[in-house]
Amino acid sequence: MTNIPFLQADSSNFYSGRGGNSIKYIVVHYTAGNGDTAMNNAQYFHNNSGLQASAHYFVDEHSVVQSVRDTDGAWHCGGPLESSHHPLHNICMNRNSLGVEMCSDIVGGKYTITQQTVDRTVELVRWLMDKYGIDVDHVVRHYDVTGKDCPEPWVRDESLWRKFKARLTAKDPIEEEIKDMTDKEFAQYMDRYLAAKANQQPHPYAAEAWAKAKAAGIVDGSKPQCPLTREQLVVILQRLGLIGK
Ligand SMILES: [Zn+2]
């Protein structure tokens with residue numbers, strides 16, 4: 001975890017320095033996004049001022065991007081109490097913590113953190129724990145600080161949070177998770193993967209071509225980031241007039 005790209009949030013979105021406090025806690029969040037990326041989020045906080053929010057790190061399936069330096073305080077776990085659960089209120093604060101945001105997807109109407117994003121987060125948090133001498137009891141959810149429903153999938157299902165915590169101290173946290181999938185598990189995984197991709201927008205480089213292809217009736221405009229099957233390919237070739245003459 002030594003080559004984390006850094007795109008600093010606008011200076012209006014975080015504290016300069018920590019007011020003499022050391023880093024005692026790592027607070028885990030989710031972005032409440034749908035198919036967002038670590039870089040999307042970092043760019044948003046870089047390009048916009050006065051957001052009253054920020055985080056040190058954003059994590060997606062493939063990458064981590066830093067948005068606020070560890071030596072500065074991000075605005076990630078302040079704010080009003082949102083439920084009666086807040087055991088760390090006024091104990092864990094912006095000034096003595098690091099904020100880690102996990103990108104999310106909406107699958108079947110519910111927020112989900114993909115396995116790959118959880119893997120990346122385990123890797124990042126273990127590295128930060130080691131770097132700052134933070135034990136697993138000081139890795140907490142935003143929920144534990146202000147009662148906010150964050151990360152929502154890990155408040156809704158506490159077992160996912162416990163599993164994540166166990167991996168922070170496991171001997172080999174990534175390897176442990178690797179086991180052969182059954183065909184059924186693989187099919188379920190693909191369904192979840194494709195469902196997570198279904199509502200995404202085309203990447204900027206492809207947006208114009210995608211819009212033109214839709215207007216020309218070559219594609220129906222849905223699922224721009226999903227894979228193409230051979231049968232879909234031949235239908236496209238036919239629509240282009242390249243076969244069937
Ligand atoms: Zn949060």
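This is a predicted model: local features need pLDDT of at least 70, side-chain atom pairs count only at pLDDT 80 or more; totals for chains, interfaces and linings use all residues.
Two strands pair if DSSP finds at least two bridges between them. Keep that in mind, please.

Valine 27 stands opposite valine 140 in strand S9. S2 and S9 pair in the parallel sense over three bridges. Valine 27 has a partner in S6 as well: its bridge partner there is glycine 99. S2 and S6 are also parallel, and six bridges pair them.

Now step back to the whole protein. There are eight helices and nine strands. The C-alpha trace spans about 75 × 45 × 35 Å along its principal axes. Of the 245 residues, 27% are buried. Next, the contacts with a separation of 6 or more. Residues 24 or more positions apart account for 71% of them.

The protein is divided into two domains. Domain 1 covers residues 11–177, and domain 2 covers 183–239. Their centres, taken over C-alpha atoms, are 32 Å apart. How many residues are in contact between the domains? Six from domain 1 and five from domain 2. On the domain 1 side, those residues divide into one nonpolar, four polar and one charged.

Back to the sheet. Which order do the strands take? It is S4-S3-S6-S2-S9, five strands in an open sheet with mixed pairing. At the edges are strand S4, residues 64–66, and strand S9, residues 139–141; each pairs on one side only. Neighbouring strands are turned by 25° against each other on average, direction ignored.

A reminder on pairing in general. Strands of a sheet pair through backbone hydrogen bonds, either parallel or antiparallel. In this sheet, S3 and S6 run parallel, joined by three bridges. Across that pair, tyrosine 57 stands opposite valine 100 in S6.

Let us stay with S6. How many of its six residues are buried? Six, and the strand is mostly covered. In a regular strand the side chains alternate between the two faces of the sheet. Now read the names along S6. Ser97, Gly99 and Glu101 are on one side, and Leu98, Val100 and Met102 are on the other. Both faces are covered.

H2 lies across S2, S3, S4, S6 and S9. Against S6, helix H2 runs at about 165°.

Next, the core. In soluble globular proteins, nonpolar side chains tend to be buried together. The largest nonpolar core here has 39 residues. Which of them touch the most other members? Ile26, Val27, Phe58, Val59 and Val100. Strand S2, residues 25–30, gives the largest share of this core, with five residues.

Take isoleucine 26 as an example. Leave aside its neighbours within four places in sequence. Its contacts then include Leu98, Val100, Val125, Leu128 and Met129. Ile134, His138 and Val139 are in contact with isoleucine 26 too.

Valine 64 sits in S4. Buried or exposed? Count the neighbours. Valine 64 has 21 other C-beta atoms within 10 Å, so it is buried, since the cut-off for buried is 20 or more. Not counting residues up to four places away in sequence, valine 64 touches Ile4, Ala38, Tyr57, Val59, Arg120 and Leu124. Leucine 51 is 13 residues away along the chain, and its C-alpha atom is 21 Å from that of valine 64.

On to the backbone. Alanine 32 has a positive phi of about 60° although it is not a glycine. You will find alanine 32 in the loop between S2 and helix H1. Alanine 32 is partly exposed, with 15 other C-beta atoms within 10 Å. Glutamine 52 also has a positive phi, near 60°. That residue is in the loop between H1 and S3. Glutamine 52 has 9 other C-beta atoms within 10 Å, so it is exposed.

Cysteine 150 and proline 151 are joined by a cis peptide bond, with omega about -5°. Proline 151 is in the loop between helix H3 and helix H4.

Last stop, helix H8, residues 230–239. Why does helix H8 lie largely in the open? Because the number buried among its ten residues is zero. After H8 comes glycine 241, with a positive phi near 80°.

That is the tour. Thank you.

Terms used
Residues are numbered from 1 along each chain as its sequence is written. Domain bounds come from an automatic or database domain assignment. Two residues are in contact if their C-beta atoms, placed from the backbone, lie within 7 Å. Ala, Val, Leu, Ile, Met, Phe, Trp, Tyr, Cys and Pro count as nonpolar, Asp, Glu, Lys and Arg as charged, and the others, Gly among them, as polar. A nonpolar core is a set of buried Ala, Val, Leu, Ile, Met, Phe, Trp, Tyr and Cys residues joined through C-beta atoms within 7 Å. A residue is buried if 20 or more other C-beta atoms lie within 10 Å of its own, exposed if 12 or fewer, and partly exposed in between; C-beta atoms are placed from the backbone. Helices (H or I, at least four residues) and strands (E, at least two) are DSSP runs, numbered from the N terminus. Axes are lines fitted to C-alpha atoms, for helices over the stretch in contact, and angles run from 0 to 180 degrees between N-to-C directions.
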